[in-house]
Amino acid sequence: MSPGRALIVGAGLAGSLLAVYLARAGWTVELVERRSDPRARRFAAGRSINLAISARGIKALRRAGLEDAVMKDAIRMGGRMVHPVEGAAGYQPYSADPTRAINSVSRSALNLALLDAAAAEANVTVRFDERCASVDFAKGEVTFVNDATGASRTATADLVVGADGAYSAVRGALQKTERFNYSQDFLGHGYKELHIPPVASGPHAPFAMEPNALHIWPRGESMMIALPNPDGSFTCTLFWRHDGAGSSFAAVKTGADALAHFRAVYPDAVPLMPTLAEDFAKNPVGVMVTVRCSPWTRGRVTLLGDAAHAIVPFYGQGANASFEDCEALVDALASSATVDDALKTYEAARIANANAIADMALRNFIEMRDLTGRASFKWTKKIEHALNRIMPATFVPLYDLVSFSTVPYSEAKARGAANDRAVRWIVGAAGTLVTTAAAIATILLMRSGATT
Ligand SMILES: Cc1cc2nc3c(=O)[nH]c(=O)nc-3n(C[C@H](O)[C@H](O)[C@H](O)COP(=O)(O)OP(=O)(O)OC[C@H]3O[C@@H](n4cnc5c(N)ncnc54)[C@H](O)[C@@H]3O)c2cc1C
């Protein structure tokens, strides 16, 4: 098909990357964003919010020629540093291969790099302060409103992509059409961002803790994590239940409450967080949602990124998966005779994978907040890594498949389940062997006792 005009709603991570891909494939692209231009605030000081980028995201950035620009400031995290309530923190590598790591990058710097790259393409027009208000699927037409001025306009294109995030207006319009399947599940936990500033001295200065790890304080039902930033600070994220007693946003309300609670539950973090009480009181509680829907496409309009599949953040894969969508969509357009065919191919390639990573992300919350603190989990990981060293081609742990490979998520999920069965069998067989050996030893001892 010869490239035509594309309209992308949402200049977030996925929309901006898609604009780069489509422009380079010869499309004339209009990229429309509800918010004002973030490039105007480029040098404004502020606290970093980061996210983890791994193999899938890096591959997609490389394709846009952006890998070096984004990864130069990334901080490698080769494993989890698990902080118990008492005693020293312990390191758990993510992979048997010590060269493998996920990467902490600044979310705003990533968005700016992608937006700059999109705006640098001659055939991309970026428009800000325009909110998608409605979509006419039959005409492939979108109405945008400027909320400050009240002005509205309609735009049309040969291809319309809703890349407008977890609360997508394009998906909202799709929900009013026939035979659109949709589910939205809010997690009972919310999140709050907190801060560990850089330090002047210490073994990791300017970092207050080991920088090349993702820090976790697993506490069963809840947890805190911390990811490093290039300036030596850490962005902490507290994942607590919205309601109930104990570690919940309903029970711990004020900064003073938080300080007292942290002294009991996260004691080693308190001295590193001088602004804990103020941050806790000031920062909002975010919600987390899993959205599944199908079909993603009506006529020449389709969904991409969080708009198509919002997932909880516990596998660090939301942006990585959204970047994979961009690759799948441009590949489908390049290999199809019509936009219709391309969108069918794109959707068929992605929906099962989006559902698979949604399931794995939910499951990983239990792993992070509870299992990482248990000895049985550490042993299981040691067995998985040993099997991977012995049989690197046939036994690849699930974490490696998701974070360090581009194997489709649904295949990774199925292989992970097979791995679990294999590890359970080995543990069971080892248990039987030990029990049998102990029984034989007892019989032999009894016999020798009987004869002496
Ligand atoms: C706490 C947290 C931690 C996370 N950590 C990770 C991580 O470590 N690794 C990872 O890969 N992912 C992570 N994610 C997920 C990641 O942030 C998302 O998957 C990613 O941002 C999706 O990109 P997107 O472009 O689809 O959506 P967004 O980045 O949300 O962009 C959507 C854009 O659309 C615009 N928009 C919205 N509505 C309209 C409208 N009506 N009209 C026009 N424009 C509109 C928005 O302003 C925004 O710019 C995390 C998410 C959360 C909440």
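Predicted model: local features only at pLDDT ≥ 70, side-chain atom pairs only at ≥ 80, totals over all residues.

**Entry 1: valine 85.** I started by asking which residues valine 85 touches. Leaving out residues up to four places away in sequence, I found Val265 and Pro267.

Next I looked up where valine 85 sits, and found it in the loop between β5 (79-82) and β6 (90-93).

Along the sequence they are 127 residues apart, and in space I get 21 Å from C-alpha to C-alpha.

**Entry 2: the whole chain.** I stepped back and went through the secondary structure, which comes to 13 helices and 19 strands. The radius of gyration is 25 Å, close to the 22 Å from the globule rule for 452 residues, so I've put the chain down as being as compact as a globular protein of that length.

How much of the chain is buried? I have 42% of the 452 residues. I looked at contacts too: taking those between residues at least 6 apart in sequence, 69% join residues at least 24 apart.

Entry 3: A reminder to myself: in soluble globular proteins, nonpolar side chains tend to be buried together. Here the largest nonpolar core has 123 residues, and the members touching the most others are Ile8, Leu17 and Leu18. Helix α10 (residues 339-369) gives the most to this core, with 10 residues.

Setting aside residues up to four places away in sequence, I listed its contacts as Ile8, Val161, Ala163, Leu304, Cys326 and Leu329.

**Entry 4: around the ligand.** Last, I went through the 31 residues around the ligand. Which come nearest? I wrote down Gly10, Gly12, Gly165, Gly305 and Gly318. The elements giving two or more residues to this shell are α1 (13-24), β3 (50-53), β9 (131-136), α8 (306-309) and α9 (318-335). Of these, α9 gives the most, with 4 residues.

I sorted the shell by residue type as well, and got 14 nonpolar, 11 polar and 6 charged.

Terms used. Residues numbered from 1 in each chain as written. Core = buried A, V, L, I, M, F, W, Y, C linked by C-beta atoms within 7 Å. Buried ≥ 20, exposed ≤ 12 C-beta atoms within 10 Å, placed from the backbone. Contact = placed C-beta atoms within 7 Å. Near = placed C-beta within 6 Å. Nonpolar A, V, L, I, M, F, W, Y, C, P; charged D, E, K, R; others polar. Rg over C-alpha atoms; globule rule 2.2 N^0.38 Å.
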